Protein chains: 2
Amino acid sequence: MTITEVSKKYDITQDTLRYYERIGLIPAVNRTKGGMRNYTEESCGWIELAKCMRSAGIPIEALIEYCALTQQGDGTITARKELLVEERTKLVEKMEDMKKTLDKLNYKIDIYEKAEVTGVLSWKK
Amino acid sequence: MTITEVSKKYDITQDTLRYYERIGLIPAVNRTKGGMRNYTEESCGWIELAKCMRSAGIPIEALIEYCALTQQGDGTITARKELLVEERTKLVEKMEDMKKTLDKLNYKIDIYEKAEVTGVLSWKK
DNA sequence: GTTTGACTTAGAGTTCACTCCAGATGCTAA
DNA sequence: TTAGCATCTGGAGTGAACTCTAAGTCAAAC
């Protein structure tokens, strides 16, 4: 697959695809004789993973390390697991923060909706 | 309350507290004769809100607008509600992305844990 | 009264994660 | 074979959200 195709498939700009590869967030992509990128199924798997992880805010640094460990072979399985466990912990914390914020937003929206009818803002605390 | 006290209470640096006030993310804080900040209960309420919203990634721009609308009085109730509804929508989407990522992390961690015992990585897809 | 440490401001610097640009090279269609 | 578009690289630029610095002011302790 060409970079244009991959870019469309995953809705990631070509610049970002090249950037991810340059910084080692995904392994080096295959090239044609001319030097053009030729994405394999495996490359696409990495891109999908990168997209998923980044959409949840997993830091690039962690993903670079994960990618490096993976390329070092089976000796790094425990290290990879530990890295992912650490990121999972942070993710769960973030989700908890967001849940609290969601509750607060729901509460405020509710009060504003009532005020639209009654004309009175009645905050509890 | 002094800036040091507020900083400790909410675990936000003094620099960030001043920054939030300067950009209008919270309303102007009371001052002593000498020009030092003297935070009231109300100021603290705003800081708590700012901390909560920011911890969930609600953009500063939106919070500045919310703060400005609030200071314009009851005529902005609908606008404020709409702003919060919009941010809630984005927040829910982000939480869904994070849930997907969490599932993926759990899956991968599980495979790595099994591999630590069996020595074999067995990915489904 | 003076020293010491907290606080003030304006503005510059930092970090993260892209995003854009320039100039060169590759590929395809007429 | 040549026009024209895609892709390449290295490096500079951007935007968001802080974070730090410098130079000065305030306030409590001695």
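This is a predicted model: local features need pLDDT of at least 70, side-chain atom pairs count only at pLDDT 80 or more; totals for chains, interfaces and linings use all residues.
User: How much area do chain B and chain A bury between them?
Analyst: About 3,600 Å². Of that, 72% is on carbon and sulfur atoms.

User: Which residues in chain B lose the most area to chain A?
Analyst: Met98(B), Leu105(B) and Tyr112(B). Together they make up 18% of what that side buries.

User: And how many residues does the contact take from each chain?
Analyst: It takes 37 residues from chain B and 37 residues from chain A.

User: How many salt bridges are there between chain B and chain A?
Analyst: The count is 2. In one salt bridge, the side chains of Lys81(B) and Glu116(A) meet at 3.3 Å, N to O.

User: What about residue pairs in polar contact, how many across that interface?
Analyst: The rule finds 14 residue pairs, both residues at pLDDT 80 or more.

User: Which helix of chain B gives the most to the side that touches chain A?
Analyst: α3 (41-55), α4 (60-71) and α5 (77-118) of chain B each supply at least two residues. α5(B) gives the most, with 26 residues.

User: How do the residues on that side of chain B divide?
Analyst: There are 19 nonpolar, 5 polar and 13 charged.

User: New topic: DNA strand C. How many residues surround it, and which are the closest?
Analyst: 20 residues surround DNA strand C. The closest are Asp15(A), Tyr20(A), Arg54(A), Thr4(B) and Arg37(B).

User: Where do Tyr20(A) and Arg37(B) lie relative to a phosphate oxygen?
Analyst: A polar side-chain atom of Tyr20(A) lies 2.9 Å from a phosphate oxygen of DNA strand C.

User: Which element gives the most to the surface near DNA strand C?
Analyst: α2(A), with 5 residues.

User: Last one: Met1(B). Where is it?
Analyst: Met1(B) is in the segment before α1 (3-10) of chain B.

User: Is Met1(B) buried, exposed or partly exposed?
Analyst: Partly exposed, with a relative accessible area of 29%.

User: What is Met1(B) in contact with, leaving aside neighbours within four places in sequence?
Analyst: Val6(B), Lys9(B), Arg37(B), Asn38(B), Tyr39(B) and Cys44(B). Arg37(B) is also among the closest residues to DNA strand C.

Terms used: Residues are numbered from 1 along each chain as its sequence is written. Chains are lettered from A and ligands numbered from 1 in the order in which they are written. Side-chain values use heavy atoms; hydrogens and water are left out. Helices (H or I, at least four residues) and strands (E, at least two) are DSSP runs, numbered from the N terminus. Buried means under 20% relative accessible area, exposed over 50%, partly exposed in between (1.4 Å probe, protein chains only). Contact means heavy atoms within 4.5 Å. Buried area is the accessible area (1.4 Å probe) that two parts lose on being put together, summed over both. A salt bridge is a side-chain nitrogen of Lys or Arg within 4 Å of a carboxyl oxygen of Asp or Glu. A polar contact is a pair of N or O atoms within 3.5 Å; within protein, one must be able to donate a hydrogen and the other to accept it, and residues adjacent in sequence count only if both atoms are side-chain atoms. Ala, Val, Leu, Ile, Met, Phe, Trp, Tyr, Cys and Pro count as nonpolar, Asp, Glu, Lys and Arg as charged, and the others, Gly among them, as polar. A residue is near a molecule or strand if one of its heavy atoms lies within 4 Å of it.
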